[in-house]
Amino acid sequence: MNRRQVLYRIVAFSAVAISGISFWKYWTIYKTPDLSYLDLKKNLIAEIAETIIPATETPGAKMAKVEDFIIKMVKECTTIKSQNNFIKGLIDLEGYAKQNFDVDFISCSVKERESILTHFERLEDSNFWIRKLKQKILGDNFFYMLKSYTVTGYCTSELGATKGLSYDYLPSTFEACTIIDDKQKSWATK
Amino acid sequence: MIYIDEKSNSYDAIVIGSGITGGWAAKELCEKGLKTLVLERGRDVRHIKDYPTANLNPWDFEYRQNNTIKEIQENPIRGVRSDESDRMFYTSDKDHPYIQSKPFSWVRGYQVGGKSLIWGRQCYRLSDLDFEANVKDGASIDWPIRYKDISGWYDYVERFIGVSGKHESLPYLPDGCFLPPMELNCIEKHLASSIKKNEEHRLLTIARVANLTRGWDNRGPCQNRNLCTRGCPYGGYFSSNSSTIPAAAATGNLTIRPFSIVKEIIYDEKLQRATGVRVIDMNTLEEFEFKSRIIFVNASTIDTTSILLNSKSARFPNGMGNDSEQLGHNLMDHHSSSGASGLHEGFKDQYYKGRRPCGFLIPRFRNIGKGEQVDFLRGYNFQGRGEREGWKERKDDVTGVGAEFKDKLTKPGPWSVWMGGWGECLPYYDNKVSLSNSKKDKWGLPLIEIEFTFKENEHLMMKDIQNTGANMLEEAGFKNINTFSYNSPGGSTVHEMGTARMGSDPKTSVLNKHNQLHAVINVFVTDGSCMTSSACQNPSLTYMALTARACDYAVSEMKNGNI
């Protein structure tokens, strides 16, 4: 732990202390997360991803097996603080679904699922700097991770890149200015 | 090409390092008939055969080109610049530690080909505006050469490596021998015409890059994949591996020894010459000696300097050729972490096809002639690119979920331009490289200690870059204009240079005008460490030209019996 990290933790600790939240909150951020929970919730994660990027005339997140990518990212490419946020977010999301619709997220209609996710998106701070600061102190926001990993997993998958987007494996030439219509998909890679 | 592991051997020439300048030294010396040994501290990398990721798709990578937390923690410098697709060409911080007295991102490529595999490929000539800068504003010692001394060598190098670019007839950014230029896209053309209309002393041109716009020297053309740092199976850009090393090998005069860490250059007090080098095998830790008549040191700026510093003798107690006490000092790196970006609402029915492996250049316009004078010395250029936002940007910008979100996510977003200022860094004596007195690496060599900060002149420039960049975007009708200054530490531009500078006076410089150590006439240094000032141009082309020039001189001196 370097000096900067220590400082952040002191700031983080003071922030939660001042705001009247107990030591409990501090602990929930830094505890060792139970990552096997993600495997248990693989189906849920797949359904959430599919709600974010549904199958339309092109494949959706589930067909592209985005849930495997999301779990891999949370397990290996995410800091401990953010891992805890992600797991807590999943639990909150399930709780919110039950509370508002009396059923599991998986059993909700598309409309209900979308309203649940929109609720969690709105919990994100709209101010860029507050979001950045919170991210520094408390780790990444649950919904931000969820959406970001879903999109990345989809757009870098074979189905997502080649069917959902335009994938140009070997361009050969560069055409600097082309005319497009509104059906044009964006390039999968740059 | 021959690979050896004999314990003792004599050559006409030894070249330490096989990167962009080592490759050139090898080619020139071999073609002039010298039996040449190239010593490379890293592993061998053969053109095409050793580019394992070159043809892979995004989904072929386990982490889809994201880095794990473990990689970022263990290799913080490698971790921010590379991923699964090109990590094999970046040196591990963990395995090759150094001391940062102040934060300095030292990016290395320990392998045959060095960083020529992963370089930015930008090729710009220096001019007399740069060569005369030190003496005119008094910031440092004068360069011992002028543009006329090197212009023919720029021609020579460009004709061999293949550089695409557009002639602009700027006296302070001389045109070269160009292949057809790459093309600007519609937003870049729009910005170019706005700048032309609004700014008397500025222009925007396509980058000049060592990517081949047509077949050249049995390589290329560039396939516009923009996957250069994985190694190019088409030979679409210049690297030692694709170009100079094969050329050197074709002469039959080249021997390469990978895994050879040079410990020191051996000095003979009686002869007053270097007689060879002492090498540690990276894997076995065995020591070897190799002899030669001349030695070219091309290990990259900081490693070259550390080899010279570690080459101690009764004559040179503070490092070989260090009579001036300048060796290790005057470390420079361009700053490139401030700039501006913006979005444009127009051109909605236009796009592009293919992934052009470069962006645009706005050549330096500050402090030139009677043009735009400002409160800092020297200047900067802008390097940037225009594109339509893709899913990576859209995922953070588009709210909502579901079919509508998916539709917006997968369609081209607004046009954007990002541009950063690449700024000159003055040579400061206290920005330096030294050897640790106490700490050693696993080969028993002293750890390298780097102390570097940008100072007032650079910081003033960074401010100006932000304002000027934002203004140009504003004038061109961009919206959501952001200025940024990432405050990246030195080294981040990977243009480290200046620690064994050239000069006319042995009292204040390490090398003479032929890149020859003032004090040891059969040792030449032609990588970035030779630079007397940094200018603001990407420097590799200049290093290559200086290398070819020094090889020519060295061989003629050998023939005349002077070395």
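Predicted model: local features only at pLDDT ≥ 70, side-chain atom pairs only at ≥ 80, totals over all residues.
Helices, taken as runs of at least four residues, and strands, taken as runs of at least two, are DSSP runs numbered from the N terminus. Chain B holds an open sheet of six strands, and the two chains touch each other, with 42 residues of chain B in contact with 45 residues of chain A.

**Chain A**

- Of the 190 residues in chain A, 33% are buried.
- Helix 4 (residues 42-52) of chain A packs against helix 5 (residues 66-76) of chain A at an angle of about 115°, and their axes are 8 Å apart.
- Because angles from 65 to 115 degrees count as roughly perpendicular, helix 4 of chain A is described as roughly perpendicular to helix 5 of chain A.
- The crossing in which helix 4 of chain A passes helix 5 of chain A is right-handed.
- Where these helices meet, helix 4 of chain A brings Lys42(A), Ile45(A), Ala46(A) and Ala49(A), while helix 5 of chain A brings Val66(A), Glu67(A), Ile70(A) and Ile71(A); by class, the residues of this contact are six nonpolar, no polar and two charged.

**The sheet of chain B**

- The six strands of the open sheet in chain B lie in the order 7-14-15-16-12-19, with antiparallel pairing, and its edge strands, each pairing on one side only, are strand 7 (205-206) and strand 19 (479-485) of chain B.
- Within this chain, strand 15 (residues 380-388) of chain B pairs with strand 16 (residues 415-423) of chain B in the antiparallel sense over nine bridges, and Gln383(B) has Gly420(B) in strand 16 of chain B as its bridge partner.
- Helix 12 (residues 456-475) of chain B lies across strand 12 (335-344), strand 15, strand 16 and strand 19 of chain B, and runs at about 15° to strand 12 of chain B.

**Where the chains meet**

- On the side of chain B that touches chain A, the elements that give two or more residues are strand 13 (350-353), strand 15, helix 10 (391-397) and helix 11 (403-409) of chain B.
- That side of chain B has 15 nonpolar, 15 polar and twelve charged residues.
- Strand 1 (residues 175-179) of chain A is joined by three bridges to strand 13 of chain B, and these strands run antiparallel.
- Ile179(A) has Gln350(B), in strand 13 of chain B, as its bridge partner.

Terms used:
Residues numbered from 1 in each chain as written. Chains lettered and ligands numbered in written order. Buried ≥ 20, exposed ≤ 12 C-beta atoms within 10 Å, placed from the backbone. Pairing = 2+ DSSP bridges. Contact = placed C-beta atoms within 7 Å. Axes fitted to C-alpha atoms, helices over the stretch in contact; angles between N-to-C directions. Parallel < 35°, antiparallel > 145°, perpendicular 65-115°, else oblique. Left-handed = near helix turned anticlockwise from the far one by under 90°. Nonpolar A, V, L, I, M, F, W, Y, C, P; charged D, E, K, R; others polar.
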